[in-house]
Amino acid sequence: MDRRPVTPPLLDGHLVVDRAGFRLDVRLHAGTGEVVALLGPNGAGKTTALRALAGLHPLTAGWLRLGGVELDHPDARRFVPPERRPVGVVFQDYLLFPHLTARDNIAFGPRRQGLPRQAARARADRWLDRVGLAGYAGRRPRQLSGGQAQRVALARALAVHPTLLLLDEPLAALDARTRLDTRAELHRHLAAHAGAAVLVTHDPLDALALADRLVIVEDGRMVQEGDPATVTGRPRTDYVARLVGLNLHRGRADGRVVQLADGFTVPTAERLHGDAFVVFPPTAVTLHPHLPDGVVARHTWPATVAGVHRHGDHLRVQLNGAVSTVADVTPAVAAGLRLLPGQQVWTTVEPGAIRAYPA
């Protein structure tokens, strides 16, 4: 038996917040040096969770501990206000002080911690150099580009040496090119951060590029958690499946066959029994104007085109039927089939592309 002591997480929380008919109820933990991404649709409770961690929304119930110190525990009437928490925050709109220079924005936190003015400004200059803005110390926020403002906001958050770094959609306000460069820069700084970090985002690319672990939140609840490979490879909700571009269906497995809706069955390479999920990519779905000859019936079903829209170099076709799904086809295929909403087609899935796992 392994008797080594278990190291408690740096961040340990059960976040329960009630707000105007909405309840957030999420368990959250993060280890030293770990980046956790909160993902979920709009209104899922991601920003509420972030604000609870920062102390901007007191907990209704549950607890929050950071480095073994209790920051919020309603039952014990314990609440540490935001300014006394070892937490740095990068807000979505950065919220830099418009009347202060980049240097003084970064020096603001250390000054509040009691560092003398000159020492705080010297620390700010070091951080400006780290984020590649050594020549911008005297500029005010309106004189900075979006990417530069984001780097100043990050430096301001890190300059207080936080145990916990919180980032609320830190790349959302940037254009595509700036976002790519800034994401790489942010990854470098997160890797060097000695504490834990929680990233709120709706962009799967940001989460996959920056986070060690994903926490999926829907309707105020955690619905899936794990490393990026596990979450993206085995989605457990429609939201996650859409996020990673997979068709997801739930059914009942019996050996190497899973029965889905309306008695429709699909074969799988995995041997399973009981409730199971079935996934396959849109690229594995082929459309036909008529029932194709020589296909296995359980790989094929009739469907109705519900919509067609561009998706990268392909067209994504939404299909309703016994098994609602999406297919990716080339523009040439779409033109040949003359795909229009309401059109009847036959759908075939490549057997080798179907994967199943326990629900």
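Me: Which residue stands opposite Val279?
Reply: Strands of a sheet pair through backbone hydrogen bonds, either parallel or antiparallel. In this predicted model, Val279 stands opposite Arg355 in S19. Strand S13 (residues 265-280) and S19 are antiparallel and share 4 bridges. Two strands count as paired if DSSP finds at least two bridges between them. Helices (H or I, at least four residues) and strands (E, at least two) are DSSP runs, numbered from the N terminus.

Me: What order do the strands of that open sheet have?
Reply: The order of its 3 strands is S12-S13-S19, and the pairing is antiparallel. Strand S12 (247-259) and strand S19 (355-358) are the edges; each has a single partner strand, so one side of each has no neighbour in the sheet. From one strand to the next the twist averages 40°, where axes are lines fitted to C-alpha atoms (for helices over the stretch in contact) and angles run from 0 to 180 degrees between N-to-C directions.

Me: In what order do the 5 strands of the other open sheet run?
Reply: That order is S14-S18-S15-S16-S17, again with antiparallel pairing. Strand S14 (285-288) and strand S17 (325-329) are the edge strands, each pairing on one side only. Neighbouring strands here are turned by 45° against each other on average, direction ignored. S14 is joined to strand S18 (residues 344-349) by 4 bridges, and Leu287 stands opposite Thr347 in S18.

Me: Before the side chains, what are the conventions?
Reply: Residues are numbered from 1 along each chain as its sequence is written, and side-chain values use heavy atoms, with hydrogens and water left out. As the model is a prediction, local features need pLDDT of at least 70 and side-chain atom pairs count only at pLDDT 80 or more, while totals for chains, interfaces and linings use all residues.

Me: Is Val198 buried or exposed?
Reply: Buried means under 20% relative accessible area, exposed over 50%, and partly exposed in between (1.4 Å probe, protein chains only). Val198 has 0% relative accessibility and therefore counts as buried. Val198 belongs to strand S9 (residues 196-201).

Me: Which residues does Val198 touch?
Reply: Contact means heavy atoms within 4.5 Å. Leaving out residues up to four places away in sequence, Val198 touches Leu11, Val36, Leu38, Leu50, Leu53, Leu164, Leu165, Leu166 and Leu167.

Me: What is the volume of the largest pocket?
Reply: On a 1 Å grid over the protein atoms alone, a pocket is an open set of points with protein on both sides within 12 Å along at least five of seven lines, whereas in a cavity a 1.4 Å probe fits but cannot get out; lining residues have an atom within 4 Å of a point. Grid points are joined across faces, edges and corners, and a volume is the space filled by probe spheres set on the points. The largest pocket has about 700 Å³. Its lining has 23 residues, with Pro82, Glu83, Val87, Gly109 and Val160 nearest the centre. Helix H2 (102-112) is one of the elements that supply at least two lining residues, and H2 gives the most, 4 residues.

Me: Which residues lie nearest the centre of the second largest pocket?
Reply: They are Arg242, Leu246, Asn247, Thr325 and Val326, out of 17 lining residues. This pocket has a volume of about 340 Å³. S16 contributes the largest share of the lining, 4 residues.
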